[in-house]
Amino acid sequence: MSNKIRTTKYTLINFLPKNIFEQFYRFANIYFLLLALLNWFPSIGVFHKEITMLPLIIVMSITAIKDGVEDYKRYRFDKKKNQARTQVYDWKENQYIEKCWKDVRVGDFVRLSCNDIIPADMLLLHSSEQNGICRIETLNLDGEANLKQRLAVKGFTNPDSEFEPENFNSTITCENPNNDLNKFEGVVENTGNKIGFNKDSLLLRGCTIRNTNVIVGIVVYAGHETKALLNNNGPRYKRSKLERRMNTYVLCCVTLMAVMCFIGALGHSIWVGAFASWTPFEYPDNTGNFISATVSGLYMFLTMMILLQVFIPISLYVSIEFVRLGQIFFIHNDVEMYNESSDNRLQCRTLNITEDLGQIQYIFSDKTGTLTENKMVFRRCTIMGTEFRHDENTKRLSTQRELDSYDKDGPLLKSTGPVTNFQSSTSHRWQKNIRSVQRSQSISSQQQFTGFKNCKKSAMDCGSFSSQRVAFSSPLEKDIIPDEVLLNRIQDAVVHMDSLTRLKAGIGLERACIIDFFLALTLCNTVEVSTATQPRQRVLPSPLSKTSTNSQEELQQLFQKLNLKHTSQSGSDEPGRLCDKASPSSKISPTSYGAESGTDDAGSGTDLINNVCENGKAADSIDREVPDITAEAEEKTSNLDFCYEAESPDEAALVHAAQAYNFMLLSRTPDQVTVELPQGDLLAFELLHTLAFDSTRKRMSVIVKHPLTKEIIVYTKGADSVIMDLLEEPARDEKQQRKIMNETQKYLDLYASNGLRTLCIAKKVLSDDEYKKWASLRHEAETSIVDREALILETALQLETNLKLLGATGIEDRLQDGVPDTIEALREAGILIWILTGDKQETAVNIAYACKLLTSKDFVFTLNCKNQEACESLLDCILDEIRIYKEVNCTTSKLTTDFAPVSSVSKPSFGLVIDGKTLRAIFHGNLQKKFLELAKCCQSVLCCRSTPLQKSMVVKLVRDHLKVMTLAIGDGANDVSMIQAADVGIGIFGQEGMQAVMASDFAISHFKDLKKLLLVHGHWCYTRLANMIIYFFYKNVSYVNLLFWYQFFCGFTGSTMIDYWLMIFFNLFFTSLPPLMCGILDRDVSAEMLLELPKLYRSGQQSAASNLGTFLITMLDAFYQSIACFFIPYFTYRDSNIDVFTFGTPMNTLSLFTILAHLAIEAKTWITEGHIYVAHSASALSSQFANENPGLGFCFDITTNQ
């Protein structure tokens, strides 16, 4: 299977036939093609046959060029991806060589380094990191900037040696290609042994390798069989709703024209039949006979069709394209939608659906990166039933909504350090220990990082590159102001701790739980620790990186000069040792962190801990006789500050909260976690197991071994809905514990009502026998080939029982600026908003409340089912409940209206929450109709844990069955299918990658830009274009009817009284520019009014400006005006001797002036350009009239004298 991709719609071979076929979706093109063919028959031809083909050819050529340019952009993007380079093992040369992505095949071994993008779906076989861990960034796939961890298949991991493909003689069996991003299973067979693997060993195409030097994988899916591409259904040919409605207008005009042609044919047959012998203007055939009146009438029917062909305005399609270009120009240059920080403007990538922006009825939005910034801020907490409000921190957030000092050019960030002065009771004293954290610089995904010691210096030395921020580490998230009361209690607890960090006997349960609470926040996560010398990118050999390494060596030499003593509790070769503040030479064994000897990576785990243990804290106890050396050591270690890289923003928020109280996470390896305590001591906990979060358990746990007490402790954090049920049931005499649980639940409810994300923190102590028994079961589950995931889940459930509650936290998920106001305005405009996300259900619901999509007054129904029967039963129950509630509410409203104003009677508002498994049951069980019936009753719908394909299926279901206008907005590759399935697709560009932007119709910087894009520009685009289309039909019908009325006075012979060139100039010159200017610049309502009154947008949803009723009334008006324009000159020149063209020119002039005056009346805004173009058209008419009729006044005088 080739890895070459193609997202284009056309090829050089099929471009012409496919594009022509698509263009004939327009009925007008078919109509003009038939008329052009008819004009080639001499017996019925009216105009020059070549000239009649020209308008159709020009119109279709312009459209084809536009479509070709759009597809060429996709081709260039595909070519860039296919030509990207990667290292592939060559069996002939027995080494890795560079190949293009398109040349990668299934079964190839691919070697990638840090910062490389994964070219295909690969099974991870080797990683240079300890225990085969590889960290990837899925920013290009789902828009999330956080790191995710992957594990190499067991049996191939040896970080001390390179992976040799020639020694690989195993057989890999995996599932067939599918679009499920959350499912992947298979086995590796080797000499009878089978090793199972799952999605944790799968590297998806488009992700980026981070914090890992080298990995090797084998390609299992390539090209269009990769999971990312299978979730991309390809571009869809989109036609606007207004354009589809134009087909109805064209059919109406064709029907009307057919009636007029029939009248002309019937009149001609009657007139020919009135001659006794033969008609004087017809010629006999070869036999000397004349054609019959019936046949002559049939020919005249076809002749009339050619004569009245301008009835259908073919120039309208070209005019629409020009109007769209003008509208896009002004949208693109809207200053309010310009993002100064990223220098991005709104981009329009599809030119033929701008008017659809004014008719949107449903919006389908992604969550991560679209509604949120992925910033979560620690707000409040409760420990042992006592709440700590953090009022000072709340004030900071209210006054500092966004003071992220990160800059694209590489400035320094300020980060709050730990609280070290416990003698102060002032809550602001913590600010004295602020550290300057140097942020990691990065280049774009396919460039190499050259290492640095100083951010600005590296920016200058390494050339031009763009910085990439570490996820969840802005000052808004990090700079937490501690609560004064809690700070004092921690101080009190620390005072009662002895030198071995043990709590003294009798100090009280609360103090012990406070320490445990913050240890749980620090340990129970998957946060990675890095410094300025250990960025996400690898440090390549360069002068800068050498300087960094040398500085580390010099620092160690400085401390060796001090002859500091080693005072580790457990020895240097095993985890669990203590680095005491008074013993600055304490070290942790390098072997415990898997660091390679002689490595150039200055940011390895060993160097990090060595530097932490030998940092400036030790200077307090250094001999006073060497102050100069001490000062030099402090200067060398001044830049060793920490960056936390988390898989989820809530993990980062909790670690930053613990850091604010001086419980600092210093290092994390697969076997060990090192924590600094408030008094400055270091504890290295042995990490036994990590039970990752999953949607079934809704929690995560870590099992650690305390370095001093040797206790095996389980720390658990998770959703309160599950943790509270797993707590150990207190005994009857334990009233205090029961009170703590009740108080904690009360505060949890309070946090949830305030829109905060809630997490419960708990612990459990295991005996050695209990742990050994459980570890044995866990090992069997992990090595099982059959039902491995189910067995692993069962072992986790067995462990996480009888927990002891420590406390709970409330975290605020930071939305993008303006999201709540935008959603509120869009809902007031009559737009229903759905959130389709792959995130967990609790997160999506919290976001919905935070952005005002759901309110506390809404009735929210939750659909979580695993099979079809349960899903159908639950759907029926909810529908019945809604019907009953509406009936009761309707009765109550009737009774209430007699005693209360109408505004006080509120209608029920329903919300729906559904997960991916339930969606699968709905689509596979043919329950779509019931689901839509329920969804139509809801103001908002949240689809959680949904795959990219399910997102697109939901959009198609609503679009096709409800016949509504849909808009999808997202920022990641997992949103591409949804964006392409909607009538209008919008991508958000920025740091999240470009896949969504490339697949979108419009690209914006922030979700808040959607408000003005729809309510203002969408409304204007729709009303302008709708009015212009109606006007085009009006002016053509009004003008062409002059020819029809003339047929009653020329025997229905198909003759014209207007010069043919005047008829050509009618659309080309006389009436072309004024409607274009109105279509681009006219404004029925100001932008300020549209933003202030979003309900005005509903006129577009109801197609008020362009519907069948408006069209028919306009046609009647056109007929009436044509009668006036024909018969006024007719009665004026009646019984005169002027020639036919002199008779027709005044009619032509009067009709054109009337048409221009009609436009002037219909225009809502008169601008200078409009005046100029109308005056230009009028002057052109006047000059043409004078040129065609130089003796018109003389003729008129003669006729009056007679």
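## Exercises on a predicted chain

The protein chain has 38 helices and 35 strands, where helices (H or I, at least four residues) and strands (E, at least two) are DSSP runs numbered from the N terminus. This is a predicted model in which local features need pLDDT of at least 70 and side-chain atom pairs count only at pLDDT 80 or more, while totals for chains, interfaces and linings use all residues. Residues are numbered from 1 along each chain as its sequence is written, and side-chain values use heavy atoms, with hydrogens and water left out.

### Exercise 1: the whole chain

Find what share of the residues is buried, and what share of the contacts links residues 24 or more positions apart.

*Solution.* Start with burial, which means under 20% relative accessible area, with exposed over 50% and partly exposed in between (1.4 Å probe, protein chains only). Of the 1202 residues, 56% are buried. Next, take contacts (heavy atoms within 4.5 Å). Among those with a separation of 6 or more, 74% involve residues 24 or more positions apart.

### Exercise 2: two annotated segments

Describe the chain over residues 1108-1131 and 1143-1161.

*Solution.* First, look at the record: UniProt (unreviewed entry) lists both ranges under "transmembrane region", and such annotations may be inferred rather than shown by experiment. Then turn to the model. Residues 1108-1131 are 100% helix and 0% strand, and their end C-alpha atoms lie 35 Å apart. Residues 1143-1161 are likewise 100% helix and 0% strand, with 28 Å between the end C-alpha atoms.

### Exercise 3: a link across the sequence

*Solution.* Begin with the criterion: a side-chain nitrogen of Lys or Arg within 4 Å of a carboxyl oxygen of Asp or Glu. For Lys951 and Asp366, the closest N and O atoms are 3.5 Å apart. Now place the partners: Lys951 is in helix H27 (residues 948-962), and Asp366 is in the loop between strand E14 (362-365) and strand E15 (372-383), so the pair joins parts 585 residues apart in sequence. Finally, check burial: both Lys951 and Asp366 are buried.

### Exercise 4: pairs and a network

Are Arg738 and Glu729 buried, partly exposed or exposed?

*Solution.* The two side chains meet in a salt bridge at 3.8 Å, N to O. Arg738, at 36% relative accessible area, is partly exposed, whereas Glu729, at 60%, is exposed. For a further example, find the network: Glu243, Glu321, Arg324 and Glu355 are linked by salt bridges. The structure holds 30 salt bridges.
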